[in-house]
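Subject: Structure handover

Hello,

Here is the structure we discussed, with notes on what was found in it. Please read the notes with the coordinates open.

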Amino acid sequence: MNRPLKTLNPAYFKRYRDFARLLVKHGEPDLAERIGLTNYLKEDDAPDTTQARAEDLAADLEKMGPTFVKLGQLLSTRADMLPIEYLEALSRLQDSVAPFPYAEVERIVEEELGTKIKNAFAEFEQTPLASASLGQVHRATLPSGRVVAVKVQRPDIEEVITQDFEAMAPLAEFLDKHTEIGAKYEFSGLLDDLRTSILRELDYREEAVSLKTMAENLADHKRLVVPLPVEDYTTTRVLTMDYVRGRKITAIGPLAQCELQGDTLVSELFHAYLDQILVHGFFHADPHPGNVFLTEDQEHLALIDMGMICQVTPAASTTLLKLLLSLSEGLGEEAAGYALDLSTRKPNFDHAGFTAAFSTLALDVRSAGMGEQKFGAIFLMMQKAAAENGVRLA
């Protein structure tokens with residue numbers, strides 16, 4: 001029997017209690033005990049006897065804060081790790097929390113821009129348009145009359161996130177070394193990827209560059225809008241960009257949806273995403289519905305958040321294209337070969353099982369077709385086939 005982890009930092013008592021409650025509530029009390037987390041539970045942490053649902057996991061992660069909202073969003077793409085009902089629940093995670101005070105907004109903006117907010121802007125609305133776990137957005141007007149959205153980073157958020165990762169690192173390492181599930185999914189690697197992604201997202205200068213690049217790459221997609229940044233008003237913790245009039249597509253009711261040119265807009269977004277991956281090798285890594293706006297004229301979609309971006313080499317883009325073509329033609333063995341070119345093989349790699357899984361997938365894809373509604377599902381099924389046979393898709 002494995003000994004529980006002894007090197008947990010007592011400074012993170014609350015976080016370890018949160019982890020323990022999460023594991024116990026969602027059906028992994030033995031795992032919590034093996035790690036040693038049950039020592040952090042209190043008497044009033046006795047688990048509810050009713051079965052926890054997928055929506056409960058999403059809600060619990062939201063309560064645990066920004067790091068875990070991001071973790072849930074990442075897990076929502078991992079069909080190899082969770083059942084479909086959990087993927088759907090986590091994909092709807094709302095990255096929204098109570099706003100922080102305007103006095104803090106004013107302090108941060110003035111520190112970053114090096115001038116009083118009243119001098120930098122003709123108008124600056126004190127009530128935020130939206131408030132998320134990493135920052136919040138205010139509408140403002142520049143002296144030139146240009147209406148902008150100003151994203152201001154939440155105070156001390158980098159310190160909070162750094163502490164969360166410090167707390168999670170020994171847990172992930174223990175799971176990887178001492179459990180089957182850890183050996184299969186490599187939680188330390190997952191954690192490292194998430195840490196890199198979030199820390200990059202905290203540098204708003206990188207997002208400004210991504211906005212400009214994406215606008216250039218999607219210039220031929222006339223129904224898509226990418227707000228451009230204002231460079232002189234953008235720093236590490238403040239991002240100023242064009243204000244887009246519209247609303248999130250998640251806020252559109254059923255009757256309003258009937259009046260839209262939905263098929264046209266979805267098709268445009270789908271083909272733009274293919275262009276991002278297969279042509280430019282530069283794509284939006286967090287394309288959930290909350291990051292897409294329907295513009296006020298209801299004829300365009302705006303991609304409003306470029307904090308999470310992935311890049312692939314031209315060679316990888318070519319291989320991915322060959323992979324998708326092989327699947328569409330029902331050539332499973334050929335598709336498996338291309339998938340391996342994009343992957344890392346684990347010690348438990350099962351070549352025969354991997355090829356058989358891709359052969360089945362190829363037959364399904366050829367039969368159903370590779371349309372807009374199937375594209376995302378195909379990637380999820382590829383991930384699942386890979387993980388079950390000792391392969392990590394890059």
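Which residue in β10 does L224 stand opposite? L224 stands opposite L301. This is a predicted model, so please treat the notes below accordingly.

Sheet with β5 and β10

Strand β10 covers residues 301-303 and runs parallel to β5, to which two bridges join it. Both strands belong to an open sheet of four strands, in the order β5-β10-β9-β7 and with mixed pairing. At the edges are β5 (224-225) and β7 (246-248), each of which pairs on one side only.

Strands β4 and β6

β4 (residues 147-153) pairs with β6 over five bridges, in the antiparallel sense. In this pair, V152 stands opposite V238 in β6. β6 itself spans residues 238-242 and is mostly covered, with four of its five residues buried.

Helices α4 and α10

Two packed helices are described by the angle between their axes and the distance between the axes. For α4 (residues 66-75) and α10 (residues 187-201), the axes come within 11 Å and cross at roughly 120 degrees. The two helices are therefore oblique to each other. The crossing of α4 past α10 is right-handed. On the α4 side the contact is made by T67, K70, L71, L74 and L75, which meet L190, L194, I198 and E201 in α10. Sorted by class, this contact has six nonpolar residues, two charged and one polar.

Regards

Definitions and conventions. Residues are numbered from 1 along each chain as its sequence is written. This is a predicted model: local features need pLDDT of at least 70, side-chain atom pairs count only at pLDDT 80 or more; totals for chains, interfaces and linings use all residues. Side-chain values use heavy atoms; hydrogens and water are left out. Two strands pair if DSSP finds at least two bridges between them. Axes are lines fitted to C-alpha atoms, for helices over the stretch in contact, and angles run from 0 to 180 degrees between N-to-C directions. Angles under 35 degrees count as roughly parallel, over 145 as roughly antiparallel, 65 to 115 as roughly perpendicular and the rest as oblique. A crossing is left-handed if the near helix is turned anticlockwise from the far one by less than a right angle, and right-handed if clockwise. Contact means heavy atoms within 4.5 Å. Ala, Val, Leu, Ile, Met, Phe, Trp, Tyr, Cys and Pro count as nonpolar, Asp, Glu, Lys and Arg as charged, and the others, Gly among them, as polar. Buried means under 20% relative accessible area, exposed over 50%, partly exposed in between (1.4 Å probe, protein chains only).
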